[in-house]
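Me: I have a structure to go through with you. Could we take it one topic at a time?

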Amino acid sequence: MKKRLRIAKYLKIIDKIEKVRIKNNVNWMDVLRLALKYAPDETIKLMQEINKKDKKISTLFSSLNNS
C-alpha cells in the first residue's frame with residue numbers, strides 16, 4: 001500500500017513538472033522565433049548543433065535500455 005501511495009505522489013509531481021515544462025517550451029519557441037528573425041544564419045547553425053547533441057543523448061539513453 002505504501003508503494004502505491006508513493007507512486008501516486010510521484011505521478012502528481014510529474015504532472016506538475018509537465019505543466020511547467022509546457023509553459024517553458026512556449027518561452028523557448030518564442031526565443032527561437034526572435035533569434036531566427038534577427039540572426040537567421042547563426043540560429044540555424046546553433047539549432048543544428050543542438051540537434052546533433054540531442055541525437056547523441058538519445059543514442060546514449062538507448063544504450064542504457066539495451067544494457
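Reply: Glu 49 forms a salt bridge with Lys 52, with 3.3 Å between the closest N and O atoms; a salt bridge here is a side-chain nitrogen of Lys or Arg within 4 Å of a carboxyl oxygen of Asp or Glu. This is a predicted model, in which local features need pLDDT of at least 70, side-chain atom pairs count only at pLDDT 80 or more, and totals for chains, interfaces and linings use all residues. Residues are numbered from 1 along each chain as its sequence is written, and side-chain values use heavy atoms, with hydrogens and water left out.

Me: Where do Glu 49 and Lys 52 sit relative to each other in helix α2?

Reply: They are 3 residues apart in α2, so about one helical turn separates them. Helices are DSSP runs of H or I with at least four residues, numbered from the N terminus. An α-helix has 3.6 residues a turn, so residues three or four places apart point the same way.

Me: Is Glu 49 buried, partly exposed or exposed?

Reply: Glu 49 counts as partly exposed, at 37% relative accessibility. Buried means under 20% relative accessible area, exposed over 50%, and partly exposed in between, using a 1.4 Å probe and protein chains only.

Me: How many salt bridges does the structure hold?

Reply: The structure holds 2 salt bridges. Besides the Glu 49 pair, Asp 30 and Arg 33 meet through their side chains at 3.0 Å, N to O. Asp 30 is partly exposed at 38%, whereas Arg 33 is exposed at 53%.

Me: Back to α2. What is the count of buried residues there?

Reply: The count is 1 among its 26 residues, so α2 is hardly covered.

Me: Changing topic: which residues line the largest pocket?

Reply: The lining consists of Trp 28, Met 29, Val 31, Leu 32, Ala 35, Thr 43, Leu 46, Met 47 and Ile 50. α1 and α2 are the elements that give two or more residues to this lining, and α1 gives the most, with 5 residues. A pocket is an open set of points on a 1 Å grid over the protein atoms alone, where a 1.4 Å probe fits, with protein on both sides within 12 Å along at least five of seven lines; lining residues have an atom within 4 Å of a point.

Me: And where is Ile 7?

Reply: Ile 7 is in helix α1, residues 2-38. Ile 7 is partly exposed, with a relative accessible area of 39%.
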